[in-house]
Each structure stands twice: as C-alpha cells, then as structure tokens.
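Please walk me through this structure.

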Amino acid sequence: MSVPSVHVQQLTKRFKDTLALDDISFDVGRGELFGFIGPDGAGKTSLFRILTTLLLADAGICTVEGFDVVKDYRQIRKISGYMPGKFSLYQDLTVEENLKFFATIFGTTIRENYDLVKEIYQQIEPFKNRKAGKLSGGMKQKLALSCAMIHKPEVLFLDEPTTGVDAVSRLEFWEMLKRLKASGITILVSTPYMDEASLCDRVALMQSGRIMTISTPQEVISNYPLSLLSVKSGDIYTLLGELREYPGVHSVYAFGQSAHVAYQKNDITPESLHFFLKSKGHKQVEIIETVANIEDCFMELMTSPMKE
Amino acid sequence: MSLSNENIITVKNLVKKFGTFVANDHLTFEVKKGEIFGFLGANGAGKTTAIKILCGLSYPTSGELSVAGFDIYTQREKVKKNIGYMSQRFSLYDDLTVFENIRFYGGIYGLRKKEIDSRSHDLMQRLGFESARNKLIRDIPLGWKQKLAFSVAILHNPKIVFLDEPTGGVDPITRRQFWDMIFEAAHGGITVFVTTHYMDEAEYCDRVSIMVDGRIAALDTPDNLKRQFSAPSMNEVFIKLART
C-alpha cells in the first residue's frame with residue numbers, strides 16, 4: 001500500500017467508565033471501500049467522529065490524507081464528506097435548499113459539482129421542493145449522501161447509512177457506493193448488517209471498542225477455525241436446545257429455518273448426529289456440510305478469547 | 001410447530017386512507033393462534049399504519065377486523081388488554097430502574113402487587129438480570145433493554161404480542177438470543193406478530209406477508225415463497241417483490 005488515505009494508530013477514547021475505542025490501529029488505502037462491521041456500542045460512531053475532527057481522542061495518532069485530525073482539522077474538513085448516523089439535514093428546508101446550503105458553506109455550487117452527485121440526486125430531484133423532513137427513509141438517505149458529496153471530497157465517511165432502511169433501499173445504496181468507488185474516492189462505511197461486509201474491499205469486525213479482525217471478506221471466511229453443519233428439522237425450537245446438548249458441539253446458532261452447528265473437525269459425524277436427532281423424535285431431519293458466513297465468523301470471534 | 005386452525009387475527013378488506021393517500025389498500029389475511037407471523041414490507045409500504053389499527057390505536061377507514069377475539073371498532077379496550085406491544089424505540093422508561101419499569105407495566109395491565117413481585121422475580125432470574133434490578137434503564141446494555149422490553153410486553157400473558165423491528169442494532173448473538181425468547185413465547189401459545197428488516201429473521205417465521213405500496217403482495221410460508229419466486233433466500237424474494 002502506498003501512502004494510506006486514512007491512518008489510525010493506537011487510538012483510544014474513553015467516556016467515563018466506558019472504553020469506546022480500545023487501542024485501535026488500521027490503515028485505509030486510497031480509493032478503498034472499507035467497512036466497519038459491528039453492533040451498537042462497538043465504537044463505530046466515536047471512530048468516525050474522531051476522524052471527521054468532531055471529537056478528540058484520548059490517545060493515538062490519526063491522519064486523513066496525511067493531515068493530522070487535531071493540528072490540521074481545517075484541511076480535513078475541506079476534503080472529507082460525512083454522513084452521520086442520525087439524519088442531520090434541515091428538516092424544514094427543501095431538498096434543493098439543503099443541497100444548496102451544503103454547497104455554499106463549502107464555497108461551491110450545485111452546478112459546479114453536479115456531475116458528481118447527478119446519479120444519486122436525480123432520483124430525488126422530482127421532489128426537490130419537498131421539505132427534507134417529509135421524505136421517506138430511502139430518499140433521506142440519498143439526499144444526505146448528495147449533501148456529503150457536493151463539495152467533491154477525497155474521503156467519504158458514512159456512519160450506518162443503511163440502518164433502518166429496507167432490503168431494497170440497502171441494495172440500491174450499495175450499488176451507488178460501488179459506482180462512487182469507481183471514481184476513486186476513499187470510502188469508510190459502518191454498518192450493523194453483517195451481510196453488507198461482502199460488499200466491501202476490506203472490513204474491520206468491531207465489538208465493544210475493539211477491532212476483532214481486519215481483512216478481506218473472503219479471508220474472514222476462510223479463517224473460520226471450525227467445521228460447520230447446517231441442520232434442519234420440523235421444529236427449530238426444540239432442535240436448537242437438543243443440538244446444544246450433543247457431545248462435541250462447539251456452538252449452535254439459528255440461521256433462518258436451519259441451525260448452524262460448529263464443531264472441531266472429527267468431533268462429530270453427520271451420521272451419528274442424524275441418528276441422535278431421530279432418536280429425539282425429530283422428523284424430516286436434513287444435515288448438510290456448509291461454509292461459514294460473516295455472521296458465523298463474527299459470533300465465533302466474539303466468543304473466542306482475544307489473541308495476544 | 002403444529003399450528004391450531006383457530007384464527008387469532010382476522011382482517012377483511014382493511015382500508016386506511018389519509019386524505020387521498022391510500023396507506024392500506026384492501027388488506028385481507030388471518031393469523032393463526034400460536035403462529036409467528038412476519039409482517040414485512042419496504043419503508044413506507046403501510047406496515048406501521050396497519051399495526052396501529054390492529055393494536056386499537058387508530059381506526060380503519062373501512063374493513064372488518066377482529067383481534068384476539070374482539071372487534072376492533074367496538075371492543076378496543078378489550079383488544080388492548082389482550083395484546084402486548086414492543087417497538088424499535090422500546091417502551092421502557094430510561095430514568096426508571098429495571099424493577100420500576102416492570103412494576104409500572106404490571107400496574108398498567110392490572111396485575112396485583114403479589115403477582116408483579118413473583119413475575120418480576122421469575123423474569124429477572126430467567127434473564128440473569130438479578131444484579132441489574134435497581135439499575136436505571138439508561139445504564140444497561142442495548143441487548144438487555146431489548147430482552148427486558150420483550151419480557152415486559154408479555155408480562156400480562158397476552159394472546160398476541162406485536163413486535164415492531166425489535167432487533168435493530170444488536171450483535172448477532174444477542175439477536176439470536178432474542179429470537180430464542182420469541183420461539184419460547186410462541187411455544188407457550190402466544191401469537192407473535194413481527195416486523196423486521198433482517199430478511200434471515202423472516203425465515204424464522206411460520207408465515208410471512210410482504211407488503212408493497214399498501215397491498216399484500218405475497219403471503220405464505222418462507223419455504224413456499226422461496227419456491228414460488230425461485231429464490232434461494234427471503235432476501236431475494238423480498239427484493240423481487242419490492243423493487244420497482
């Protein structure tokens with residue numbers, strides 16, 4: 001990697017008794033689409049607020065395009081776009097007024113950078129005279145992204161842009177991000193939806209202020225240390241409980257209508273498990289070997305003791 | 001799970017208009033007793049409007065509705081006594097303690113002091129919350145709040161519990177523990193009516209309805225829906241239906 005777009009070294013932030021960020025380090029390359037995946041309380045928002053110079057860290061070094069978040073905060077504000085997790089546009093201004101406002105405070109105009117936001121903004125332009133507060137969730141999201149982009153930033157920080165929006169809007173949003181990425185902009189995005197990890201170049205899986213792992217989504221999955229069976233029967237509720245009592249089982253989690261049973265290689269055979277479930281009265285038992293997905297990996301990392 | 005054939009919710013031609021806007025356009029469906037019924041739809045499809053009506057918080061423009069055996073026009077107070085409700089925003093008071101919240105809800109639903117004490121004791125033991133009994137809600141983790149909000153919503157043993165996006169923002173283990181609680185409640189005979197944006201959770205439901213633009217575009221078991229739309233997951237079923 002050449003000079004990183006975002007560099008974070010041993011970053012720590014504490015709020016009273018809570019360690020929001022616990023000695024975090026990572027680099028994001030220029031033009032990379034980098035995802036921070038984790039639940040509420042993982043530290044994603046604190047991290048983004050520090051990188052966008054809105055919050056001071058307790059310790060550590062952070063730079064954005066070579067600028068220090070404390071010393072050079074003015075330069076960082078010029079070159080960053082930030083979409084906060086909470087909808088932060090002016091509800092009583094119209095769609096167009098909001099975009100104009102953001103263009104003006106960054107000393108530009110909608111016309112000057114229209115090309116950059118065109119594709120996204122066009123979708124809400126028919127409603128440009130509607131007040132922002134009256135937009136649907138998906139439209140608010142598109143307006144917020146347009147406003148974060150209108151000054152042609154080099155780095156984009158998107159804090160949970162897809163939280164609370166439906167599966168279709170989420171899909172469309174990620175398609176927009178992919179096209180934005182093609183223009184060379186560095187994108188840092190956070191999300192609690194694990195399935196969105198596969199859409200990033202690299203991901204940091206976060207939990208309670210710590211980064212549990214950083215790698216490509218493919219590597220996260222190939223590093224999963226256990227074997228996995230997908231088990232189905234007519235009654236998922238009793239199935240989960242009984243699988244947890246089966247000797248050699250490491251963990252059991254529901255995945256839709258199946259249960260994922262994790263175990264150390266050779267500790268379990270599908271045949272003996274099948275026999276066990278039949279003896280417990282389960283009908284229509286189906287057992288297949290399966291590969292881990294990001295959620296399997298996340299849950300395994302959450303419950304395994306920290307390395308080091 | 002074997003479902004009874006008894007309908008606990010019956011909706012016939014539900015219409016709800018706001019001015020000229022039709023939020024619910026002739027919805028017709030039934031929910032069986034003890035079922036986990038997924039109520040899905042895109043943002044703005046009309047889910048919240050329908051839930052408010054089913055909970056007796058808003059009148060329909062027209063249509064016949066019976067919830068927990070009571071008529072939604074004439075027996076609203078009886079409907080409210082026989083249902084539980086939990087929303088995304090929780091229903092707990094941040095500046096009351098865990099126990100005070102339980103006592104408050106128990107009181108609202110007319111439980112006696114003895115009952116409240118014994119049920120709250122059981123509940124905290126089951127959740128492993130004994131140490132948090134006197135903690136303020138604002139000081140407990142999000143996952144605990146969700147579990148507590150759910151437990152409080154079913155404290156009065158309702159016939160139906162409505163869950164409006166109950167699992168937002170929590171880690172995948174907590175999300176599953178929450179679903180374990182839902183399975184348990186359904187196993188105990190409580191009907192669960194749930195909305196979610198997590199499409200894998202749609203697969204935990206016995207049946208799922210998907211709303212598009214105020215109408216029910218599909219309603220069946222997850223397996224049948226996947227077959228019908230030749231899709232490997234509920235996520236793809238949803239996208240095929242809701243994408244315009």
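A network of salt bridges links A:Glu295, B:Arg175, B:Arg176, B:Asp200 and B:Glu201. A salt bridge here is a side-chain nitrogen of Lys or Arg within 4 Å of a carboxyl oxygen of Asp or Glu. Side chains of opposite charge can pair when their charged atoms come close. The model is predicted: local features need pLDDT of at least 70, side-chain atom pairs count only at pLDDT 80 or more, and totals for chains, interfaces and linings use all residues. Residues are numbered from 1 along each chain as its sequence is written, chains are lettered from A and ligands numbered from 1 in the order in which they are written, and side-chain values use heavy atoms, with hydrogens and water left out.

B:Arg175 forms a salt bridge with B:Asp200, with 3.3 Å between the closest N and O atoms. The two are 25 residues apart, B:Arg175 in helix α6 (residues 172-187) of chain B and B:Asp200 in helix α7 (residues 199-202) of chain B. Helices are DSSP runs (H or I, at least four residues), as are strands (E, at least two), numbered from the N terminus. B:Arg175 also meets B:Glu201 in a salt bridge, at 2.9 Å from N to O. That pair is 26 residues apart.

How covered are these side chains? B:Arg175 counts as buried because its relative accessibility is 4%. Buried means under 20% relative accessible area, exposed over 50%, and partly exposed in between (1.4 Å probe, protein chains only). B:Glu201 is buried too, at 0%. B:Asp200 is partly exposed, at 22%.

Now turn to the interface. In chain A, 34 residues are in contact (heavy atoms within 4.5 Å) with 30 residues of chain B. The area buried between chain A and chain B is about 2600 Å², and carbon and sulfur atoms give 59% of it. Buried area is the accessible area (1.4 Å probe) that two parts lose on being put together, summed over both.

Five salt bridges are counted between chain A and chain B. One joins B:Arg243 to A:Glu172, at 3.7 Å from N to O. B:Arg243 also forms a salt bridge with A:Glu175, where the closest N and O atoms are 2.9 Å apart. A:Glu175 lies in helix α6 of chain A and B:Arg243 in the segment after α9 (234-242) of chain B, so this pair joins two chains. A:Glu175 is partly exposed, at 27%. B:Arg243 is partly exposed as well, at 34%.
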